[in-house]
Amino acid sequence: MACATIHVGVPQLLRGVSRILPTHSALVVLRHSAFCYYTVNSTIKSKRKMDHLERTANNFRQEVISQAKVCGISNESETVKRLRLAITNKDFTFKAGQWVDFFIPGMSVVGGFSMCSSPGLLKREGILELAVKHTDHPPAHWIHTECALDSEVALRVGADLHGYQEGKGNGYKIGTVKLYYSAKNSGQLLFKKNILGLMNAFPGKIMCHFHVTQQSSPICEELRPHVTEGRISEKDLEKHVSRDTLWYICGPPPMIESISKLLSDIGVPRNCIFFEKWW
């Protein structure tokens, strides 16, 4: 996981783009396996790993806990599964950018995963999708090794409300999003088709620069114009620095620390840098 982003989180937020893009410019640096929520930049140093519920104990939760049944499982990459869940409780709702507590029958450890589908899909079809990277953490391990069609779980929506503001008036005005997305190879660039589709649907509003660091096979023709071989660099990011730009970073701790320092070095104020808190 490693990449840099300015403003909305991908893939989940981008899929609900018409509802969540801000009025100001946004730049995003992401890594391919980031599936959690964002929090304002404060202390960046990694500490001991905490349980999901312990780590998010001060975050707001909805009261609604819904039963859900697995109605689809697919491989998004070699290490990430997309889980399609049918939600039974009609009062279960979420906003783009939120996440769920994931309860597995017979397991005491609670998972925490971000949605990779839009609120619109839940409203229309009663379906919610999660993208889960394989790890040794019991909930993620269960999803990759034991979860099957018709498996039953329970979900509860949580959200980090720091700095949260409701949209006013007629809703958000679509701003500009520039996404820098880095992965080992093009096969690890999750949701690339969704991102390319959004770029075509919102020309000049959503732009993405894919970076691959260990590409060994040919890159498909559709993706090739948007791919650069090599890591995201200072030169890539410094041309986007402005007082109206917010920077969202999503990836593993070393990458977050490195990109945050890089941004500070090129003059980005600390209160304009956001990062995900998943470790």
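## Trp142 and its surroundings

Leaving out residues up to four places away in sequence, Trp142 touches Phe102, Ile104, Met107, Cys147, Ser151 and Val153. The model is a predicted one. Trp142 is found in helix H5, and at 11% relative accessibility it counts as buried, because the cut-off for that class is under 20%. The C-alpha atoms of Trp142 and Ile104 are separated by 8.7 Å, although the two residues are 38 residues apart along the chain.

Helix H5 covers residues 138-145. Its buried residues are Pro139, Ala140, Trp142, Ile143 and His144. Among the elements that cover them are strands S5 (80-87), S6, S7, S8 (127-133) and S9.

## The chain as a whole

The protein chain holds 8 helices and 14 strands. Of its 279 residues, 53% count as buried. Among contacts in the chain with a separation of 6 or more, 75% are accounted for by residues 24 or more positions apart.

## Strands S6 and S9

Strand S6 (residues 99-103) pairs with S9 in the antiparallel sense, over 5 bridges. Within this pairing, Phe103 stands opposite Ala154 in S9. Strand S9 spans residues 152-159 and is mostly covered, with 7 of its 8 residues buried.

In a regular strand, side chains alternate between the two faces of the sheet. Phe102, in strand S6, has a relative accessible area of 0% and is therefore buried.

## Aromatic pairs

How many aromatic pairs are there? The count comes to 4. One of them joins Phe102 and Phe113: the ring centres are 5.5 Å apart and the planes stand at 75°, so the pair is edge-to-face. This pair links distant parts of the chain, since Phe102 lies in strand S6 and Phe113 in strand S7 (residues 111-114), 11 residues apart. Phe113 counts as buried at 9% relative accessibility.

Another pair is formed by Tyr248 and Phe274, whose ring centres are 4.7 Å apart with planes at 10°, so this pair is stacked. Tyr248 belongs to strand S13 (residues 246-250) and Phe274 to strand S14 (residues 273-276), so the pair ties together parts that are 26 residues apart in sequence. Both Tyr248 and Phe274 are buried. Ring pairs also join Phe102, Phe113 and Trp142 into a cluster.

## Nonpolar cores

The largest nonpolar core has 23 residues, and those touching the most other members are Leu85, Phe102, Leu128, Leu130 and Leu155. At least two residues of this core come from each of strand S4 (60-75), S5, S6, S8, H5 and S9. Leu130, one of the residues with the most core partners, is in contact with Lys81, Arg82, Leu83, Leu85, Val100, Phe102, Phe113, Ser114, Met115 and Cys116, leaving aside neighbours within four places in sequence.

A second, separate core consists of 20 residues. Its members include Leu179, Tyr181, Met199 and Leu223.

## Helix H6

Which residues of helix H6 (residues 192-201) are buried? They are Ile195, Leu196, Leu198 and Met199. These residues cover an arc of only 160° around the axis, which puts them on the same side of H6. An α-helix has 3.6 residues a turn, so residues three or four places apart point the same way.

On the other side of H6, Lys193, Asn200 and Ala201 are exposed.

Most residues other than glycine have a negative phi. Asp150 has a positive value, near 75°.

Phe191 is found in the loop between strand S10 (177-183) and H6. Is Phe191 buried or exposed? With a relative accessible area of 2%, Phe191 is buried.

## Cysteines

The structure holds 0 disulfides. Cys250 counts as buried at 2% relative accessibility, and Cys272 counts as buried at 12%.

Methods: Residues are numbered from 1 along each chain as its sequence is written. This is a predicted model: local features need pLDDT of at least 70, side-chain atom pairs count only at pLDDT 80 or more; totals for chains, interfaces and linings use all residues. Side-chain values use heavy atoms; hydrogens and water are left out. Buried means under 20% relative accessible area, exposed over 50%, partly exposed in between (1.4 Å probe, protein chains only). Helices (H or I, at least four residues) and strands (E, at least two) are DSSP runs, numbered from the N terminus. Two strands pair if DSSP finds at least two bridges between them. Rings of Phe, Tyr and Trp (its six-membered ring) pair if their centres lie within 6.5 Å; planes under 30 degrees apart count as stacked, over 60 as edge-to-face and the rest as tilted. Contact means heavy atoms within 4.5 Å. The arc is that of the directions from the helix axis to the C-beta atoms. A nonpolar core is a set of buried Ala, Val, Leu, Ile, Met, Phe, Trp, Tyr and Cys residues joined through side-chain atoms within 4.5 Å. A disulfide is a pair of cysteine sulfur atoms within 2.5 Å.
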